Amino acid sequence: MAKALVIGAGGVAGVTVHKIVQNHEVFDELCIASRTVSKCEALKAELDGKGTTITTAQVDADNVDELIALIEKVQPDIVINLALPYQDLTIMDACLATKTHYLDTANYEPEDTAKFEYKWQWEYREKFEQAGITAILGSGFDPGVTGVFSAYAQKHYFDEINYIDILDCNAGDHGYPFATNFNPEINIREVSANGSYWEEGQWIETKPMEIKKVYDFPEVGPKDMYLLHHEELESLALNIKGIKRIRFFMTFGESYLTHLRSLENVGMTSIEPIMYEGKEIIPLQFLKAVLPDPASLGPRTKGKTNIGCIYRGKKDGKEVNYYVYNVCDHEECYREVGSQAVSYTTGVPAMIGAMLVVQGLWQKPGVYNVEEMNPDPFMDALNVWGLPWKEDFAPVLVSE
Ligand code: NDP
């Protein structure tokens, strides 16, 4: 029996807490804490009486002392960080101070520089080792399941993996001309940044959306997809043996891109502060305030996501191609937990990673990316908790 403290009460956290309550045989107690406590209370009201004892709390996760006081009061077995990437380090500091295990779904990013990388969190390795606690980084879908898929491929099907293409397809339609499926600020920062991929030991940088391919996704059909930088490229390049190249592609529709270009052209996606009526505002944060809340897309979104990885490498001297992917249906997710598939595919792996930590299966003092842990129990749990995966040993490859 374990107690989880979830920080954040947005789209992803909503799914994770539903899954924690479904898994009440492992998680008998849960505290949901966030900046806006009414969102935590709404989740509690929905899930009370379903097997897990739930409490709520207000916390500013930018404030380490507040976090320490909360963790000391709640005494959780693990802190699941589902706030924003900006809070990763303060929450890790509070976990260190209280010797509590930590898990998140996105790597740290300073609020004033749109540059996400693992270096800040990897600097905590020794401190977590010395404190005897585990930090699991990036236990969402991508990063998260894509890392677990990679560890599984490496363990079972390859002696060396030379090429990885990660393909993230969202064919959902929410009916709005423009909206983002998760936090708009984080999403727009990600897609308006330069792209990059890892090849022969170095990063090759591209302009935003410079490389476009078309891929015929199983159960979805052909979609345009664009090469982006994505955080798991950095850790997989180090943790998977024999890597020559890793790329990440995400699908975008024409309408999304046209809107994004217009917003960029008028300066609305900038993170540089401007003065507006005597007050300093950040255009991207203002844009977030006028866009639909991702949580409101759930009831409107139809269609499927397909996220997976194509591997090319060698086993016993022979060439092997392997594609492993999950297909998730937006409407089914909504019926089950009241969220669309983008939050669902992130929230479920967060619960699974936390479960494996509290069960001791993924406990190892230090700071780890998911692919450094045994993938087998995670792969089994994906099938049990709503993200079943499929394999194809003769996939169509992404064109060069
Ligand atoms: P939301 O914006 O919907 O939710 C974020 C939540 O964090 C809100 O409840 C917000 O509170 C809370 N929060 C923000 N700042 C603070 C703070 N200082 N103190 C306390 N609480 C705070 O985001 P999502 O649920 O869409 O995303 C959550 C995380 O998941 C993000 O880090 C995102 O990058 C990551 N993610 C990972 C994916 C993956 O596959 N690995 C995919 C999608 C998302 P308030 O309500 O007051 O704003």
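Which loop holds Pro143? Select Pro143 and you will find yourself in the loop between strand 6 (134-137) and helix 7. Keep in mind, as you click around, that this model is predicted.

**Stop 1**

The peptide bond from Asp142 to Pro143 is cis, and its omega is near 10 degrees.

**Stop 2: helix 7 and helix 9**

Now select residues 145-156, which form helix 7, together with residues 231-239, which form helix 9. The axes of these two helices come within 10 Å and cross at roughly 20 degrees. Angles under 35 degrees count as roughly parallel, so helix 7 is roughly parallel to helix 9. The crossing of this pair is right-handed. To see who touches whom, show the side chains: helix 7 contributes Thr146, Gly147 and Ser150, while helix 9 contributes Glu232, Ser235 and Leu236. Sorted by class, this contact has four polar residues, one nonpolar and one charged.

**Stop 3: helix 13 and helix 14**

Next, select residues 341-358 for helix 13 and residues 375-384 for helix 14. Their axes are 10 Å apart, and the helices pack at an angle of about 135 degrees. That angle makes helix 13 oblique to helix 14. Here, too, you can check the handedness: the crossing of helix 13 and helix 14 is right-handed. On the helix 13 side, look for Ile352, Met355 and Leu356; they meet Pro377, Phe378, Ala381 and Leu382 of helix 14. What classes do the residues of this contact divide into? Seven are nonpolar, with no polar and no charged residues.

**Stop 4: an annotated region**

Select residues 140-384. An unreviewed UniProt entry annotates this stretch as "domain: Saccharopine dehydrogenase-like C-terminal". Colour residues 140-384 by secondary structure and you will see 35% helix and 31% strand. The C-alpha atoms at the ends of the stretch are 16 Å apart.

**Stop 5: around the ligand**

Now centre the view on the ligand. How many residues surround the ligand? There are 32, and the closest are Gly8, Gly10, Val12, Ala61 and Gly140. Helix 1 (residues 11-22) gives the largest share of this shell, with three residues. By class, the shell has 15 nonpolar, twelve polar and five charged residues.

**Last stop: Lys99**

Finish by selecting Lys99, in the loop between helix 4 (88-98) and strand 5 (101-104). Lys99 is not a glycine, yet its phi is positive, at about 55 degrees.

Technical notes: Residues numbered from 1 in each chain as written. Predicted model: local features only at pLDDT ≥ 70, side-chain atom pairs only at ≥ 80, totals over all residues. Axes fitted to C-alpha atoms, helices over the stretch in contact; angles between N-to-C directions. Helix = DSSP H or I, 4+ residues; strand = E, 2+ residues; numbered from the N terminus. Parallel < 35°, antiparallel > 145°, perpendicular 65-115°, else oblique. Left-handed = near helix turned anticlockwise from the far one by under 90°. Contact = placed C-beta atoms within 7 Å. Nonpolar A, V, L, I, M, F, W, Y, C, P; charged D, E, K, R; others polar. Near = placed C-beta within 6 Å. UniProt positions renumbered as here; feature names shortened; annotations may be inferred.
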